[in-house]
Amino acid sequence: MTWLSVVLIGIGFGDIVRSTSWGPGRVVGHVVAPVVILALALLAGLHSWADALALVLAAAAGAAWAELSRRTQMTGRAALAALAVFAAIVVGLLAFSGAASPADGPLATWLAWADLPGHGPLPVARVLLLTGLAVFNVATANIIVRLVLLTIGALRPSDVTDANAAAAAAASLTGHPAPPTQAQPADRLKGGRLLGPMERLVILGLGVAGEFGAAGLVIAAKGLLRFPEIQAAARGNGASGTGPNASYQGGPAGIDDVTEYFLVGSFVSWLIALGSLALTV
């Protein structure tokens, strides 16, 4: 899985750059991904024509993923296209992974020389895989979760465009993004974009260490910690007269919509973490 590991690192760093509030982040993110893929290919000794062809095609598909996912996050539409491109990257690289050259090169030399924790030199392929999965679970996995929520309607396109317009208008006037409007479920549950990566990395780390029971406790703890917020949303709906079944299509998000957003978002995030863990077995 050397090809997949290298591409995940490149796309992951590109998505991290694009997810920042830095103005040139979009352009720089497009540059960072292929540069990282090229640098890792050279460091890992991936020099054959099969390596070059696979990584060039994957880098091109990664650029398509970056642009499609960016547009979806701006418009709230065509989420399936971006998800299909990313799925094609993963499936394609896994399907033809047997043609990849053995990971070696300067990176193997450095790992043999460096006194890193562990028993003996760490395998290059293992280091690349764990690094790729860790980087992927920071920003790229967040984008995937959001695209799935848009696909099933737990987030609606109008709220995405309204939030982007409000943030742009506020930034142009005050230099600060607009405050949450409580119009969509994401505004009722705070910190999801930070807690999601932390949760996935903890699950991945505990799983790699063999502590599967502890990873299960992390999953259970999230529900307990979020439960008071969901209760508060229900009381808020009742106090405002909207009722627990307020219509998300016609107004602010109701408790049913917040619950759907939480459950679907959480399960997608957990599946991504567990899928990442499965690749390490």
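Predicted model: local features only at pLDDT ≥ 70, side-chain atom pairs only at ≥ 80, totals over all residues.
D15 is buried, at 1% relative accessibility. The side chain of D15 meets that of R18 in a salt bridge, at 2.4 Å from N to O. R18 is buried too, with a relative accessible area of 16%. Why can these two side chains pair? Both sit in helix α1, which covers residues 2–18, and they are 3 residues apart, so about one helical turn separates them. The general rule is simple: an α-helix has 3.6 residues a turn, so residues three or four places apart point the same way.

The salt bridges come to 4 in total. To follow others, move to helix α3, residues 49–75. Start at E67. This residue is buried, at 15% relative accessibility. Its side chain meets that of R70 in a salt bridge of 2.8 Å, N to O. The spacing is again 3 residues within one helix, so E67 and R70 stand about one helical turn apart. R70 is partly exposed, with a relative accessible area of 22%.

E67 has another partner. It forms a salt bridge with R71, and here the closest N and O atoms are 3.5 Å apart. E67 and R71 both belong to helix α3 and lie 4 residues apart, about one turn of the helix. R71 counts as partly exposed, at 48% relative accessibility. Salt bridges that share partners join R26, E67, R70 and R71 into one network.

Now take helix α3 as a whole. It has 27 residues. From first C-alpha to last, α3 reaches 39 Å, close to the 39 Å expected at 1.5 Å a residue. Its buried residues include A50, D51, A54, L55 and A58. Further along, G62, W65, A66, E67, S69 and T72 are buried as well. Just after the helix comes G76, which takes a positive phi of about 80°.

A polar contact of 2.5 Å joins the side chain of D51 to that of S101. S101 lies in the loop between α4 (79–95) and α5 (105–113). Is S101 buried or exposed? S101 is buried, because its relative accessible area is 16%, under the 20% cut-off. Leaving aside residues up to four places away in sequence, S101 touches G45, L46, S48 and D51.

An unreviewed UniProt entry places the feature "transmembrane region" at residues 35–66, 78–100, 127–149, 201–221 and 261–280. What does the model show over residues 35–66? The chain there is 84% helix and 0% strand, and its end C-alpha atoms are 15 Å apart. Another of the annotated spans is 201–221. In the model, residues 201–221 are 86% helix and 0% strand. The end C-alpha atoms of that span lie 15 Å apart.

How values were computed:
Residues numbered from 1 in each chain as written. Heavy atoms only, no water. Helix = DSSP H or I, 4+ residues; strand = E, 2+ residues; numbered from the N terminus. Buried < 20%, exposed > 50% of the residue type's maximum accessible area, 1.4 Å probe, protein only. UniProt positions renumbered as here; feature names shortened; annotations may be inferred. Expected span 1.5 Å × (residues − 1). Polar contact = N/O pair within 3.5 Å; in protein donor to acceptor, adjacent residues only side chain to side chain. Contact = heavy atoms within 4.5 Å.
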